[in-house]
Amino acid sequence: TQSTWGHQTVFVWRSYLLRMKLFVLAFVALFVCAHAQSASFDYDGFCDFLNQLTVTPGYVTQNGDGKVTDTSNYVINGIASVPPQLYNSWNISAAVYQFTLLSIVNATNNCQDNPKATPFLYKPYLPILEGPEAAPHSHLIAYANSQVSVIHWTLWAGYLEPYHTHGLASLMWILTPSGDIYYDEDHHIASQHSNYDPTKPPAPIGITAAGPEWLHSIQSTDKRDYHVIRLLFIPRFTTSYHP
């Protein structure tokens, strides 16, 4: 019991120090982002994402009875577990990296616990259905450890993916968006985006969170490749959502 308490205390202090470091770097990160590689964080729905992640049994706690601050630390620590130089190799600058962490802290500070939130819906996710297995041409496993798995997703110009799933919650950096059509499991069009316009200023890197995705396929309608870095969070305990 004493050993368990000691490990929990170390974890809490490490999380606290990491969050303090983010606050110290806040103004620097925002200044650099404003003058270098720009990025935008999707605050809409992020609190709901944190609460869903919190109440889904197995992700952060065994029974889904934690707090959003615990879940935020879980997300931040997962992002920080990836060697910094790899983000740079994926065209995510140090400024965008710090901006991402700071935005998560800010979003968490404005998010209240909702124990009545709906857990992620159960689906029979299987490894054979996951992106790297079912659609390997567009899903490259760029890095993996005990906390996260990172996929470099490339929708090649004019390419139609095979149907596949993403069984884990994730955070995405949308690097070079382009025109596409998103098909759901019934092959209905769920969403679509207009083609890239080279006459307009480049779009900032979009940072957004997403829950598990059931069967879907995406088709490129553009002449430009679509690049996304997708960081999937590995549950701490056994869940129905871990493929």
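L171 has A209 as its bridge partner in β8. Strands β5 (residues 170–176) and β8 (residues 205–210) pair in the antiparallel sense over 5 bridges. This is a predicted model, in which local features need pLDDT of at least 70 and side-chain atom pairs count only at pLDDT 80 or more, while totals for chains, interfaces and linings use all residues. Residues are numbered from 1 along each chain as its sequence is written, and side-chain values use heavy atoms, with hydrogens and water left out.

**Sheet layout**

- Strands pair if DSSP finds at least two bridges between them.
- Strands (E, at least two residues) and helices (H or I, at least four) are DSSP runs, numbered from the N terminus.
- The order β1-β8-β5-β10-β3-β2 describes an open sheet of 6 strands with mixed pairing.
- β1 (39–41) and β2 (139–144) stand at the edges. Each has a single partner strand, so one side of each lacks a neighbour in the sheet.
- From one strand to the next, the twist averages 20°.

**Helices on the sheet**

- Helix α2 (residues 46–55) packs on the sheet and touches β1, β5 and β8. Contact here means heavy atoms within 4.5 Å.
- The direction of α2 makes about 35° with that of β8. Axes are lines fitted to C-alpha atoms, for helices over the stretch in contact; angles run from 0 to 180 degrees between N-to-C directions.
- Helix α3 (residues 68–80) lies across β3 (148–155), β5 and β10 (226–233). Helix α3 runs at about 120° to β10.

- β5 is mostly covered, with 5 of its 7 residues buried. Buried means under 20% relative accessible area, exposed over 50%, and partly exposed in between (1.4 Å probe, protein chains only).
- On the β8 side, I174 stands opposite G206.
- β5 and β10 run antiparallel, joined by 6 bridges. W173 has I229 as its bridge partner in β10.
- What is the relative accessible area of S170? The value is 0%, so S170 is buried. This residue lies in β5.
- The side chain of S170 makes a polar contact with the side chain of R230 at 3.0 Å. Such a contact is a pair of N or O atoms within 3.5 Å; within protein, one must be able to donate a hydrogen and the other to accept it, and residues adjacent in sequence count only if both atoms are side-chain atoms.
- Leaving out residues up to four places away in sequence, S170 touches residues including F49, T208, L231 and F233.

**Disulfide**

- The structure holds 1 disulfide (cysteine sulfur atoms within 2.5 Å). The bond joins C47 to C111, with S to S 2.0 Å.
- C47 lies in helix α2, and C111 in the loop between α5 (94–109) and α6 (131–134). The pair therefore ties together parts that are 64 residues apart in sequence.
- The torsion about the S-S bond of C47 and C111 is about 75°, so the disulfide is right-handed.
- C47 counts as partly exposed at 25% relative accessibility. C111 counts as buried at 9%.

**Positive phi outside glycine**

- N91 has phi near 65°, a positive value in a residue other than glycine. N91 sits in the loop between α4 (84–89) and α5, and counts as exposed at 55% relative accessibility.
- H187, also not glycine, has a positive phi near 65°. H187 sits in the loop between β6 (180–183) and β7 (189–193), and counts as partly exposed at 46%.
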